[in-house]
Amino acid sequence: MTRTPVNVTITGAAGQIGYALLFRIASGHLLGADVPVNLRLLEIPQGLKAAEGTAMELVDCAFPLLRDITITDNPNQAFDGANVALLVGARPRTAGMERGDLLQANGGIFGPQGKAINDNAADDIKVLVVGNPANTNALIAQRNAPDVPAERFTAMTRLDHNRAVGQLSAKTGALVSDVKRVTIWGNHSATQYPDIFHAEVAGKPAFEAVGSDQAWLENDFIPTVAKRGAAIIEARGASSAASAANAALDHVYTWVNGTAEGDWTSMGVVSDGSYGVPAGLISSFPVTTKDGKFEIVQGLEISDFSRARIDASVNELVEERDAVQELGLI
Ligand code: NAD
Ligand code: LMR
C-alpha cells in the first residue's frame, strides 16, 4: 500500500538547524523509514535563495521518501495542510537588546505563525517550537491558535534531556541506552532543572550510580546541562545545530511513535497544573507518549531540593508569560 505523504513545515529552513534537519527528515528520521514526506520550507525573503539551494541538494540526494518541496515566505502557504510544524526560525538576541525587545520581536513572528497554523493546518497538526525563547514562543503561537487543541503546541527540551543522558553516561561509563527516566523541568534556559532522582542507570538508581555525590550533582552535572547551550556558543562561535536538529527529530519521533516501556522523555507542554506548575504555562515535564498523544507522568515524589529548582525555573516562565501578556502578545 502506498502511504499518503505527511506534510512537514519547517520555519527558518535556511538556517543552521534547518540545514542539519532537512536531510534527516527526508530520509525518514522524523516519522519513520516508511513514511513519505512533503517538505514546506518557510523563510523570510532574505532566506529564500539559500532555501532554494538546500532544496536543490535535497533533490540531488534522491531520497525515496521525499515527495515534494515547497519554498515560500508566506506562512499561510507554508502551513497549508501541515501535519507537523517545526518552528525553528526566531529572532536572535543581539547586543543591547533587552528581554522585552526580544519577546516583542519574537511575538511578531510566533503570533502570526500561530494564526496561520490555526487557519491552515491539518486537523491533526503537531507543533514543536525550537526557536528561542522556545517555551514562551510556543505559548505565543498556541494562544494565537484558539481552534487548535492547546496540547498540540510543544517546546523543545529534548536537547537538554539528551545532554543529561550524555552526561550520566559519561560519568558512569554506562551505555546511553541504559540511562532511563531522566527529567528536565521548567524552561529551556539556564534555570532548567535536570532531575536524576527518578532516573536509573543500568538498573540502579542514578544517584547511587554516580556515587551519591551531591557535590558533583550540584556543582557539575546541573550547571553543565543547564549551561551547555552557552558553552557550545562559546566554543563553536555559533549555537548548537546538529544536536538541536537531532533533538527535534527525537522529540517528534517519540511523540508520534511512543516512549519505551519503563521510560519517559522530557517535553515542554501546556501545564494542567501538575506538580504545582500554573495551568496554561508551557513548561518541561516528564512525559510518556503513545498513539501520538502524551501524558505527564504523575505521582513522582519531589524533594525540597528538587522543589526549589523546579519553582525557580517555573517562576522565570511566569515572568516571561506576564511580560508577553503586558506586551499584548497573548
Ligand atoms: P539561524 O540564525 O542559523 O537560522 C534561523 C533562520 O530563521 C534564518 O535562516 C532566518 O532567515 C530564519 N527566520 C527568521 N525569522 C523568520 C520567520 N519569521 N519566518 C521564517 N524564517 C525565519 O539560527 P539556528 O542556529 O538555526 O537557530 C534557530 C533557533 O533555534 C534560534 O532561536 C536558537 O536560539 C534556537 N535553538 C533552540 C534550541 C533548543 O533546544 N530549544 C537549541 C538550539 C538552538
Ligand atoms: C542551546 O541550548 O544549545 C540553545 O538554546 C542555545 C541558544 O541560545 O541558542
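Ala 121 is buried in this predicted model, because 25 other C-beta atoms lie within 10 Å and 20 or more are enough for that label. Ala 121 sits in the loop between α4 (99–120) and β5 (126–129). Leaving out residues up to four places away in sequence, Ala 121 touches Phe 79, Ala 82 and Ala 85. Ala 85 is 36 residues apart from Ala 121 along the chain, and their C-alpha atoms are separated by 8.9 Å.

Ala 85 leads on to strand β4 (residues 84–87), which is covered on both faces. Val 84 and Leu 86 are buried on one side, and Ala 85 and Leu 87 are buried on the other. In a regular strand, side chains alternate between the two faces of the sheet. Strand β4 is joined by four bridges to β1 (residues 6–11), and the two run parallel. Within that pairing, Leu 86 of β4 is the bridge partner of Ile 10. Four bridges also join β4 to β5, again in parallel. Here Ala 85 stands opposite Val 127 of β5.

The next topic is the set of annotated positions. An unreviewed UniProt entry places the feature "binding site" at Arg 93, Arg 99, Asn 132 and Arg 163. These positions span 71 residues in sequence and their farthest two C-alpha atoms are 25.8 Å apart, so they do not all gather at one spot.

| Residue | C-beta atoms within 10 Å | Class |
|---|---|---|
| Ala 121 | 25 other C-beta atoms | buried |
| Arg 99 | 12 C-beta neighbours | exposed |
| Arg 163 | 23 other C-beta atoms | buried |

Arg 99 lies in helix α4. Arg 99 counts as exposed because it has 12 C-beta neighbours inside 10 Å, and the exposed class takes in residues with 12 or fewer. Arg 163 belongs to helix α6 (residues 158–172). Apart from neighbours within four places in sequence, Arg 163 is in contact with Val 225 and Arg 228.

Ligand 1 has 27 residues around it, of which Gly 12, Gly 15, Ile 17, Gly 47 and Gly 89 come nearest. By class, this shell consists of 14 nonpolar, 12 polar and one charged residues. Which helix gives the largest share of the shell around ligand 1? Helix α1 (residues 16–26) does, with three residues. Domain 1 (6–155) and domain 2 (158–320) each supply at least three residues to the shell.

Technical notes
Residues numbered from 1 in each chain as written. Chains lettered and ligands numbered in written order. Predicted model: local features only at pLDDT ≥ 70, side-chain atom pairs only at ≥ 80, totals over all residues. Contact = placed C-beta atoms within 7 Å. Near = placed C-beta within 6 Å. Nonpolar A, V, L, I, M, F, W, Y, C, P; charged D, E, K, R; others polar. Domains from an automatic or database assignment. UniProt positions renumbered as here; feature names shortened; annotations may be inferred. Pairing = 2+ DSSP bridges.
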